[in-house]
Amino acid sequence: MLLQNFYKINTLDKITDASYSVSINLNAKHEIFKGHFPGNPVTPGVGMMQIIKELTEQIVGEELFLIKAVNVKFMALINPEETPELKLTLDLVQTKNEVKVKNTTFFGDTTALKLTNTYKVL
């Protein structure tokens, strides 16, 4: 985990051979929120992208390197004090050398993030 204690995995469920559902809780007390932003914490987009990479690495059991991000849409601010629990869907297409993941991240009924990333297997 790049950012220690940034989030905790509650559940990671395999839905189909290539589809996963994940529930995480953000740590609202993490140091990153002291600077992003004081008095009004917002989860950094790069932090969310790192979470998705780490979850994908855990699923495929490989170390990955981001080579392409497309259709990255941050649709709602994620305040860890108001909505610490996030639900993520991950749909994976894996070849020998690459993993493509399509993600949607929610809190409650709100879609917060949609993206498609391609990672190189290291």
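Serine 23 is buried, with a relative accessible area of 3% (buried means under 20%, exposed over 50% and partly exposed in between, using a 1.4 Å probe and protein chains only). This is a predicted model, in which local features need pLDDT of at least 70 and side-chain atom pairs count only at pLDDT 80 or more, while totals for chains, interfaces and linings use all residues. Residues are numbered from 1 along each chain as its sequence is written, and side-chain values use heavy atoms, with hydrogens and water left out.

Serine 23 sits in strand E2; helices (H or I, at least four residues) and strands (E, at least two) are DSSP runs numbered from the N terminus. Beyond its neighbours within four places in sequence, serine 23 is in contact (heavy atoms within 4.5 Å) with Lys8, Ile9, Asn10, Thr11, Glu85, Leu86 and Lys87.

## From serine 23 to glutamate 85

What does the side chain of serine 23 make with that of glutamate 85? The two side chains make a polar contact at 3.0 Å. Such a contact is a pair of N or O atoms within 3.5 Å; within protein, one must be able to donate a hydrogen and the other to accept it, and residues adjacent in sequence count only if both atoms are side-chain atoms.

Glutamate 85 also meets lysine 87 in a salt bridge, 3.0 Å from N to O (a side-chain nitrogen of Lys or Arg within 4 Å of a carboxyl oxygen of Asp or Glu). Both partners are partly exposed: glutamate 85 has a relative accessible area of 38%, and lysine 87 is at 39%.

## The other salt bridges

A search of the whole structure finds three salt bridges. One of them joins lysine 53 and glutamate 57, with the closest N and O atoms 2.9 Å apart. These two residues lie four residues apart in helix H2 (residues 45-60), about one turn of the helix. Lysine 53 is buried at 17%, and glutamate 57 is buried at 17%.

Glutamate 31 and lysine 34 pair through their side chains at 3.1 Å, N to O. Here glutamate 31 is exposed at 54%, and lysine 34 is exposed at 56%.

Leucine 86 brings us back to serine 23: its contacts outside four places in sequence include Val22, Ser23, Ile24, Met48 and Phe106.
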